[in-house]
Each structure stands twice: as structure tokens, then as C-alpha cells.
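I opened my notebook today to look around a new structure. Come along and check each entry with me.

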Amino acid sequence: MIDKPALRAHIRATRDAFVASNPPPITVPDAFRARLSHGLTVTSYVPMGSEADPSPLARTATEAGCVLALPHVTVRSEPMRFLAWETEAALEAGPFGLSQPAADAIELRPDIILTPMLAFDAKLDRLGQGAGYYDRAFARFPDAWRVGVAWSVQQVDGLPVEPWDMTLHAIVTERGWMTR
Ligand SMILES: Nc1nc2c(c(=O)[nH]1)N(C=O)[C@@H](CNc1ccc(C(=O)N[C@@H](CCC(=O)O)C(=O)O)cc1)CN2
Ligand SMILES: Nc1ncnc2c1ncn2[C@@H]1O[C@H](COP(=O)(O)OP(=O)(O)OP(=O)(O)O)[C@@H](O)[C@H]1O
């Protein structure tokens, strides 16, 4: 049995140390670019702490004519919503120190979900912050393309898979593209 809280703390520390060593940014894989088309809704996120920054992917999506959205959360019992976000538009302070769109921004249905995560494995299973926000969003939008974004050092040998977990379709790290 893997102790998830202990694993989360360990990975946060590993990620902090990795970022302190000045890793290269994430670059945009051709397989990601190939999937973009005009009018698709792509959800990004604003990195917190030492999370990998998905902006290169989000910028490429905007250039391809995609619409960008960002997650918006309130309390755990309420689902996360994806709200429209124009690059440069002001963000507001949310819970957990998050920056997010204003609560009255337009809610969108995602086609591609750029997903933050704490840990992942070679089978493209993921471990998040533990609030289940992305797990619930994946269940609500099962047809969206689930692309995890992380640093390569966040890969682990295996993760406990919960009944509600939905495997990612692909992962982007500073080392490149992983798919199944
Ligand atoms: N950048 C980013 N945005 C995101 C997420 C994420 O993982 N990363 N989320 C993914 O769900 C949602 C926010 N969910 C969160 C759920 C729990 C905690 C949390 O428990 N934070 C701890 C401290 C974490 C730390 O030490 O790094 C806390 O505040 O006590 C944070 C965000 C939506 N936006
Ligand atoms: N589809 C779902 N419907 C309702 N509750 C869910 C669903 N998926 C997950 N949950 C709940 O979310 C909680 C968190 O699960 P877990 O520890 O696997 O989160 P995580 O993968 O770290 O989180 P996240 O998806 O936010 O990154 C669990 O208590 C679980 O019951």
C-alpha cells in the first residue's frame, strides 16, 4: 500500500529541488501541435509553486485558434469549472493561493485538458493534490483529451489506482512526449 500523503510530500520536495536546479522549459511536442484545430477549447492552468509551466502549450493552442480556459474552484464539495480566459485578462485570488478567472466568466466545455499533477507512472496513471477536482472533471467530460504536464522527476514506478481514476492520454515533460 502506498501512503498517498507521504508520496505527495516526497514528490513536492523532489520537484522543488529539481526546479532549483534550473531545468529547461517544456517544449511543444509535434504530436500535441497536430491535435490542435481552430475553435477547440483547451484548458490550461496557472502553475503554483514548482509545478511545470504549461504556457508554451497554451500559447501554441492560442496561435492555432483554440479558445483557452482555466480551472476555477471554490470549495471541495463544488465541482471545478473551466472558465474562458483571454491571454492577459486579469485573474483573481482563489483558494489555496490559486490565481483564477473571475467567477462570472463564461463556462466552457473542454476538448483538451492540460492537467497538473504531482506524480505519474509509465502507464499514464496520475496522482493529483487529493481534492479529486480533475478526477471529477474527467468523469464529467469523458471525451476530452487528457494531457498531463509535469517535470520528468515526478515519474514514479507505480501508483495506487482508485476505481474513479481515468488514465491520461498523454504526458508532456521537459524530456518530451509520452503516450499509450
Ligand atoms: N496550478 C494548479 N491549478 C489548479 C490545480 C492544481 O493542481 N494546480 N488544481 C488541481 O486540483 C485545482 C486546485 N486544487 C487544489 C487542491 C488542493 C490543494 C492543496 O491541498 N494544497 C495544499 C498545499 C500544497 C503544497 O504544499 O504545494 C494546501 O493548500 O494545503 C491545492 C489546489 C485547480 N487549479
Ligand atoms: N468521478 C468522481 N465523482 C465523485 N467523486 C470523485 C470522483 N473522482 C474522485 N472523487 C473523489 O475525489 C477524492 C480525491 O481522490 P484522489 O486522492 O484520487 O485525488 P487526486 O487524483 O489526487 O486528485 P485530483 O484529481 O484533484 O488531482 C476522493 O475522495 C474521491 O472520492
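This is a predicted model: local features need pLDDT of at least 70, side-chain atom pairs count only at pLDDT 80 or more; totals for chains, interfaces and linings use all residues.

**Entry 1: ligand 2.** I found 13 residues around ligand 2, and the closest are Gly128, Gly132, Tyr134, Asp135 and Ala139. I then asked which element gives the largest share of this shell. Helix H4, residues 133–140, does, with 5 residues. By type, I noted 6 nonpolar, 4 polar and 3 charged residues in the shell around ligand 2.

**Entry 2: ligand 1.** Here I listed 18 surrounding residues, with Pro71, Phe96, Pro116, Gln129 and Tyr133 as the closest. The shell around ligand 1 splits into 13 nonpolar, 3 polar and 2 charged residues.

**Entry 3: the sheet.** I traced an open sheet of 7 strands in the order E3-E2-E1-E6-E9-E10-E11, and its pairing is mixed. E3 and E11 (176–179) are the edge strands, each pairing on one side only. From one strand to the next, the twist averages 25°. Helix H3, residues 55–63, packs on the sheet and touches E1, E2, E6, E9 and E10. The direction of H3 makes about 140° with that of E2. I also followed E10 (residues 170–173), which pairs with E11 in the antiparallel sense over 4 bridges. Threonine 173 stands opposite glycine 176 in E11.

**Entry 4: glutamate 78.** I found this residue in the loop between strand E2 (67–72) and strand E3 (81–84). Is glutamate 78 buried or exposed? Glutamate 78 has 10 other C-beta atoms within 10 Å, so I wrote it down as exposed, the limit being 12 or fewer. Last, I checked alanine 150, 72 residues apart from glutamate 78 along the chain: their C-alpha atoms are separated by 26 Å.

Key. Residues are numbered from 1 along each chain as its sequence is written. Chains are lettered from A and ligands numbered from 1 in the order in which they are written. A residue is near a molecule or strand if its C-beta atom, placed from the backbone, lies within 6 Å of it. Helices (H or I, at least four residues) and strands (E, at least two) are DSSP runs, numbered from the N terminus. Ala, Val, Leu, Ile, Met, Phe, Trp, Tyr, Cys and Pro count as nonpolar, Asp, Glu, Lys and Arg as charged, and the others, Gly among them, as polar. A residue is buried if 20 or more other C-beta atoms lie within 10 Å of its own, exposed if 12 or fewer, and partly exposed in between; C-beta atoms are placed from the backbone. Two strands pair if DSSP finds at least two bridges between them. Axes are lines fitted to C-alpha atoms, for helices over the stretch in contact, and angles run from 0 to 180 degrees between N-to-C directions. Two residues are in contact if their C-beta atoms, placed from the backbone, lie within 7 Å.
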